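Happy to walk through this one with you. Let's take it as a few questions and answers, starting once you have the structure in view.

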Amino acid sequence: MKSYNLSKNKYVTKRHKLILFIFFVLVLFEWHVFASGEKDSPQSITPARTYSKEIEIGYMPILPVAQYFIMAEKNMLTGAGISYSDVRFSDGPSIVQAMGSGKLDVVFFGIGPAMVAKANGQDIKVVASAVIEQIGLIGSQDLARLYKQNTPETFFSAFENEYGRKVKIATFPAGSVPHTVLTYWLEKQLGISQESIEIITMGANRVQQGLLTGAVDGASILEPILTIALDRIEGSEIITRSSAMFPDQPGAVLVVRQELIDSHPQMVKDIVAAHIKATEFLNTEKAEAAILINRFIGQGFIKPEVIEKALHSPVSNYVSDPRIIIESTKRMRDFQKEQGTLKKEVDIDALIDPSIYLELQP
């Protein structure tokens, strides 16, 4: 076999050398992408298994369920071989209604509506927590001023005396976590009737609109609405947070139908594993997380910088361990029974199942 010295062979022109050089560069580039860049990309991973069942996921466009946004944007579910479609809802009660119609296999929403769904006969399990103590009471400049000038027990009456009307506080519908935290704070912490203020219930977008237009004086609400309002409403302040309103308050959760757990246990395990990974990502990579979340929340209206600021908020406490919320959920259940938002008994030990989470622990 003949060998050729490319540097001396008369048949190899400068043009030939250039073509060969470009060829070798392209080969090296393709090898580099394959060996290093693509192996970490969820799109390029061949799932260890592929599930035949396509699941339907329900969620609300709120930061307390940010794990789902991370899971979706980083292809954690499809990377595990899970095919799914998702449905967006404005509030928890709407999700409960959809579940009652036989829709949704997996849901990311508040523990309050999860208990309502369970009380209504839905065979579901809370397999992971998502966030705790995520509610804040934001007030207008006038409401914040009166809060500072009075005690928590008297500032609402002081507002009424000065302005001749009750304070208007927006929040999610009755049975939701923000509504429950507000009314629990009023009745159990302050010892005053919830009738002492005007509670206006609505979905997330309308709460934000109400705050920004001045239609309400404040809101018992969550991120990123809190951060948006603080940035846009002059003089507005966080009056108090759920750590004081409802200590150890359970928040958003990951809920799965028992039917899916029974028929596809490994799939559910993969979902919980992705949820845990997403929680870790939220707590360590807030800047990147904000960009991914922005595609679900306020794209075109809210900048990623605002989302990132909200992720650093004292009410953004992301956790996965469902054991953390068992006792506080029992306290919330008892209060909701008093309020009439839970019509039937709910066995919290039967609702919250930490077994799958524990199986995934090292």
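Q: Which residue of β3 stands opposite Ile57?
A: In this predicted model, strand β1 (residues 54–59) pairs with β3 in the parallel sense, over 3 bridges. Facing Ile57 across that pairing in β3 is Val106.

Q: How many bridges join β3 to β11, and what is the bridge partner of Gly110?
A: β3 and β11 run antiparallel, with 5 bridges joining them. For Gly110, the bridge partner in β11 is Ala252.

Q: Which strands stand at the edges of the sheet?
A: The open sheet has 5 strands in the order β2-β1-β3-β11-β4, with mixed pairing. Two of them have a single partner strand each, so one side of each is left without a neighbour in the sheet: these are β2 (83–88) and β4 (124–129).

Q: What angle does the direction of helix α4 make with that of β3?
A: Helix α4 (residues 111–119) packs on the sheet and touches β3 (106–110), β4 and β11. As for β3, 5 of its 5 residues are buried. The angle between the directions of α4 and β3 is about 120°.

Q: How far apart are the end C-alpha atoms of helix α12?
A: Helix α12 (residues 265–284) has 20 residues, and at 1.5 Å a residue these should span 28 Å.

Terms used:
Residues are numbered from 1 along each chain as its sequence is written. This is a predicted model: local features need pLDDT of at least 70, side-chain atom pairs count only at pLDDT 80 or more; totals for chains, interfaces and linings use all residues. Side-chain values use heavy atoms; hydrogens and water are left out. Helices (H or I, at least four residues) and strands (E, at least two) are DSSP runs, numbered from the N terminus. The expected span of a helix is 1.5 Å times one less than its number of residues. Two strands pair if DSSP finds at least two bridges between them. Contact means heavy atoms within 4.5 Å. Axes are lines fitted to C-alpha atoms, for helices over the stretch in contact, and angles run from 0 to 180 degrees between N-to-C directions. Buried means under 20% relative accessible area, exposed over 50%, partly exposed in between (1.4 Å probe, protein chains only).
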